[in-house]
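Here is a short tour for anyone starting out with protein structures. Keep the picture open beside the text and look up each part as it comes along.

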Amino acid sequence: MTTANPQTNETVETIHEETVETNHDDHGHHEQPPKGIMRWILTTNHKDIGTLYLWFSLTMFFIGGAMAMVIRAELFEPGLQLVEPHFFNQMTTVHGLIMVFGAVMPAFTGLANWLVPMMIGAPDMALPRMNNWSFWILPFAFLILLSSLFMEGGGPDFGWTFYAPLSTKYSGDSTALFVFAIHIMGISSIMGAINVIVTIFNLRAPGMTWMKMPLFVWTWLVTAFLLIAVMPVLAGAVTMVLTDKFFGTSFFDAAGGGDPVMFQHIFWFFGHPEVYIMILPAFGIVSAIIPAFSRKKLFGYSSMVYAVASIAILSFVVWAHHMFTTGMPKVALLFFMYCTMLIAVPTGVKVFNWVATMWKGSLSFEPPMLFAVAFVVLFTIGGFSGLMLAMTPADFQYHDTYFVVAHFHYVLVTGAIFSIMAAAYYWLPKWTGHMYSMTLAKWHFWCSVISVNVLFFPMHFLGLAGMPRRIPDYNIQFANVNEIVSIGGFAFGLSQLLFLALVIKCCRGGEKAPAKPWDGAEGLEWEIPSPAPYHSFTTPPEVK
Amino acid sequence: MSTHEHYYVPAQSGWPIVGAIGLFLIAFGAGHYVAQIDTYGHGGWGIYVLLAGIATILYMITGWFRTVINESMTGLYSSQMDRSFRQGMSWFIFSEVMFFGAFFGALFFIRMFSVPWLGGEFHYTSTHEFLWPNFVAEWPLVKTPKGDTTQAMPWHGLPLYNTIILLVSSVTLHFAHVALEKGKRSALKAWLAATIVLGLCFLYLQAHEYIHAYTELGLTLESGVYGNTFFMLTGFHGLHVTIGTIFLITLFIRILKGHFSPDKHFAFQAGSWYWHFVDVVWLCLFVFVYVL
């Protein structure tokens, strides 16, 4: 690679000018983190805030996971055993909301907080106080959401997609709390995204040109754009639900001239880009890990960048593939079907590039690589079932069956969550300064990867055989497969306790980690010591 | 602060957690208040929590902004920091555009699809026949399918005056900005004061229009999708004008105190962007809600 001429890039030039009079002696030369709980409440440090996001996400992962255990326990046998149908509906709804807004999204924001400034050689995030605010409103939002479960009449029970009229006519009083909780989550996401996007635009080190940025930074740049574009639309959707339910409007009520189908259009205009918000950073993580453990450069860097951008653009014109059975003119069905299938092209480019990176590499299978390889294989399975669902006539059969549940759990659990696990295993030594137990990590991986397939793979067959989703009871013919699925579910849930134990152990101590524990790893974050000093790159490094 | 830090990273701050608690109180209070009204016909304790939340947020906003203004006046912010603020503000306005986009999208969907479909257009004959055979698809929708009637708000009169007022206010604010950049402080004060007065006039007339709609036209938030889209769009716009006016008043006070220089005035720039954005939203409103 050639050295970028600082004079050709305005941003670089300014940073350069501002730093000439300082000397590069001060990595973490001054303040150590303050002590006690107030460090975490008042912090403006991107690493502290990243840590907060990650712990919050892990907590939510276990709370949402506990709800999944309730769901699988109830579905272990046909008939109603453990919970009332009304409570079952609350579990499916809140499980979905928590996993989407509480586990996956905050985990990615936490990773962005920790990594983006280190990867681009920035001193911190661009707007550090707002960074604190965007984290600390999240726990309050989930406090509100979870508290609504204990209200008279129960919490939200209309599915995480809160379709009207379920959420407007047939929902409980807690709907208002649900709406305001979503508003706060949205505000948090928008502020977090603005922070990331401004950091990437404005705080890159001299020489860190666009096409030298690590793919994790690229994918987050695109994700941040998607977040700023669609979270406000979600805010609009929940606001209309609020006024329809409590203030007598009829946006989603045909008797007043509105249309319940319009709810689905507005919701999925948010919802489909949201799907990519939850997977693009995963692409970035895997694109960092696979080259490191293949000891090769990433195959097709620039095509990866263009693929991410194309996926993001396409994500705005495919929303109605979630509503093929709802009713639409035929020309709209065809348009949304073909646009959806187009997404397979850039996604295929990415999968091809990951495989090509591994081709003839000197591979080794440390825990991050295990999860990354599992990601490539299992996410691709989720992608293929997505293609099946994209075909309108076929979707008429699959819609609202367990096939859909299988599909989106493959992309979200073995896709998004596995990539987050891979990221944790890859960067934990950098965060904590300690190596973790490789044995425990490998146990966690093999238990997870086996149980997750026992859990979700048979769901495809349940769906193809016609088992509907979101029901607490089912026909006797589905009993055997559901038992297998539930056993897989319990095993997967228990396996995650290994991860919790490993992370706690790693935070508390362990073998000292070198600055670069993986010999094939590349990037600025590996050039600073482990654990990363409280303030890294107070003077920007020169990127060659 | 160490002299080594060229990109200003603020020390620990208590304002964000105050803001988080404020938002929590607002959401928790409003959520319960709305449900309590729905159940009992009157509000319970929720309103007090809501008000406490609003007070907390106001306290946070004033305190946080005071901190930022002090930091800015002591010269802690580099030109790079200034760019962060500008870019942050631009993306924030983009998010606001998308928020209004959701409601404009609803308006277009209702006008292009749901109302014509209920009237039997595009092969939806049976929808029309089986649901409300007497329904007439028209816009403004003054008679809903279930039979509620209202009157449409004409575009001439108050809405037209308000359009002129906001357009002129964008021009006066631009002149204020030019005056600031040329260092003409008294012209700056005069143009900015004129903009604030125009903003207040707009709000006064809009309040007048709402009273007219509720008391004389029978046009309320509950009068079917016409009233829904009318009040939600103009209401959220009015809220933004209110915020923008408060923003401009704050800038005016700062200018009286001698803040801002011809080449460093991010806050003024941000307020001006926000005001022009609110103006553009109104133009779309005027065309699609009132005229067409």
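**A bent helix and its surroundings**

In chain A, α4(A) has a kink of about 35 degrees centred on M99(A); the bend at a residue is the angle between axes fitted to the seven residues ending there and the seven starting there. Helices here are DSSP runs (H or I, at least four residues), strands are E runs of at least two, and both are numbered from the N terminus. This is a predicted model, in which local features need pLDDT of at least 70, side-chain atom pairs count only at pLDDT 80 or more, and totals for chains, interfaces and linings use all residues. Residues are numbered from 1 along each chain as its sequence is written, while chains are lettered from A and ligands numbered from 1 in the order in which they are written.

**Helix α4 of chain A**

- Helix α4 covers residues 85–120 of chain A, and its 36 residues should span 52 Å at 1.5 Å a residue, which agrees with the 50 Å between its end C-alpha atoms. The expected span is 1.5 Å times one less than the number of residues.
- Of the 36 residues in α4(A), 33 are buried, so the helix is mostly covered. A residue is buried if 20 or more other C-beta atoms lie within 10 Å of its own, exposed if 12 or fewer, and partly exposed in between, with C-beta atoms placed from the backbone.
- Just after α4(A) comes G121(A), with a positive phi of about 75 degrees.

**Helix α11 of chain A**

- Helix α11 (residues 330–342) has 13 residues and reaches 19 Å from its first C-alpha to its last, close to the 18 Å expected.
- Which residues of α11(A) are buried? They are F336(A), M337(A) and T340(A).
- Seen down the axis of α11(A), these buried residues fall within an arc of 105 degrees, so they line one face of the helix. The arc is that of the directions from the helix axis to the C-beta atoms.
- On the face turned away from the buried side, α11(A) carries the exposed residues V331(A), L334(A) and Y338(A).
- The buried residues of α11(A) pack against α13 (367–390) and α14 (392–398) of chain A.

**A closer look at D244(A)**

- D244(A) sits in helix α7 (residues 215–246) of chain A.
- D244(A) is buried because 25 other C-beta atoms lie within 10 Å.
- Leaving out residues up to four places away in sequence, D244(A) touches A164(A), T168(A), T249(A), S250(A), F251(A), F252(A) and D253(A). Two residues are in contact if their C-beta atoms, placed from the backbone, lie within 7 Å.

**Chain B**

- Chain B has eight helices and zero strands.
- Of the 292 residues in chain B, 37% are buried.
- The C-alpha trace of chain B spans about 75 × 45 × 35 Å along its principal axes.
- Chain B is divided into domain 1 (1–77) and domain 2 (79–291), with bounds from an automatic or database domain assignment.
- The C-alpha centres of domain 1 and domain 2 of chain B lie 25 Å apart.

**Where the two chains meet**

- The contact takes 60 residues from chain B and 63 residues from chain A.
- On the side of chain B that touches chain A, α3(B) gives the most, with 23 residues.
- That side of chain B divides into 33 nonpolar, 22 polar and five charged residues. Ala, Val, Leu, Ile, Met, Phe, Trp, Tyr, Cys and Pro count as nonpolar, Asp, Glu, Lys and Arg as charged, and the others, Gly among them, as polar.
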